[in-house]
Amino acid sequence: MKIGFIGLGNMAAAMIGGIIKKGLYQCNEITGSAKTQETAKRVAEKYGIETCTDNQKVAQCADVIVLAVKPVFLPEVISGIKNSVTADKLVISIAAGKSIEWLEGQFGKPVRLVRCMPNTPALVGEACTCVCLKEDTEDADKALVISLMESFGKASILPERLIDAFTGVAGSSPAYVFLFLEAMADAAVCAGIPRTQAYEFAAQSVLGSAKLMLETGMHPAQLKDMVCSPGGTTIEAVKVLEEKGLRAAVIDAIDACVNKSKLL
């Protein structure tokens with residue numbers, strides 16, 4: 001079986017790296033196309049896969065086709081490959097804002113199609129990916145897609161009607177976390193810690209906290225209470241965050257993100 005990537009940007013490269021690292025496919029079983037020869041050459045040299053600038057060539061030789069281009073380019077890309085997408089090929093789209101119905105409409109025929117949305121931590125093998133299936137998706141296709149997506153993080157199946165909510169809580173949320181980390185580091189610098197160490201301390205604390213919640217399965221409120229000693233420093237900081245409306249700000253921000261996603 002051969003997997004082909006149409007588009008070789010950061011997300012596609014992260015997926016290719018994860019797939020090879022997990023041993024799901026060998027280098028000679030992966031191919032890809034890019035808009036420029038420069039990008040194609042760079043990815044080929046880094047991962048040892050065959051690359052080109054011909055989307056149709058990739059679509060013809062691949063059993064699994066991953067559409068990894070920006071949404072604005074999808075109509076042109078699909079138009080160029082749709083005659084090569086036969087019933088024996090599985091198509092995976094990771095483009096934001098384009099529904100399964102829209103994608104199938106562009107192909108102009110029924111297609112074995114799965115829509116996925118990984119987030120940028122895929123670049124370090126820690127993605128959170130939403131997988132949306134058609135009603136007639138076969139179990140073998142579902143298992144294949146999940147295995148691919150879990151090669152570079154965690155993946156969960158959601159009905160497509162919830163993909164905008166997923167965008168708000170996972171797809172876009174790395175930006176919120178980075179903003180929070182930057183603010184934490186700025187505060188640490190104000191308190192006298194050198195900038196480099198401030199970023200390291202903040203990032204490791206967020207990483208460790210997330211891992212603690214995932215591995216213990218404890219409610220975040222319980223974990224928060226474990227840190228908040230009576231009359232201590234942490235509860236004083238939590239009090240200020242509550243006074244400044246941290247919870248409401250986060251909820252409102254995600255709500256705005258979800259609503260914007262629905263308009264794409």
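Biologist: Which residues lie nearest the centre of the second largest pocket?

Modeller: First, the idea. On a 1 Å grid over the protein atoms alone, a pocket is an open set of points where a 1.4 Å probe fits, with protein on both sides within 12 Å along at least five of seven lines; lining residues have an atom within 4 Å of a point. Here 43 residues line the second largest pocket, and Ala 68, Val 69, Lys 70, Pro 71 and Ala 95 lie nearest its centre. Elements giving two or more residues to this lining include helix H1 (10–22), strand S6 (112–117) and helix H7 (163–171). This is a predicted model: local features need pLDDT of at least 70, side-chain atom pairs count only at pLDDT 80 or more, and totals for chains, interfaces and linings use all residues. Numbering starts from 1 along each chain as its sequence is written, and side-chain values use heavy atoms, without hydrogens and water.

Biologist: Is Gly 7 buried or exposed?

Modeller: Buried means under 20% relative accessible area, exposed over 50% (1.4 Å probe, protein chains only). Gly 7 has 10%, so it is buried. Gly 7 sits in the loop between strand S1 (3–6) and H1.

Biologist: What is Gly 7 in contact with, beyond its neighbours within four places in sequence?

Modeller: Contact means heavy atoms within 4.5 Å. Gly 7 contacts Ala 12, Ser 33, Ala 68 and Val 69. Its C-alpha is 8.3 Å from that of Val 66, 59 residues apart in sequence.

Biologist: Which residues of H7 are buried?

Modeller: They are Ile 163, Asp 164, Phe 166, Thr 167, Gly 168 and Ala 170. Their cover includes S6 and H12.

Definitions and conventions. Helix = DSSP H or I, 4+ residues; strand = E, 2+ residues; numbered from the N terminus.
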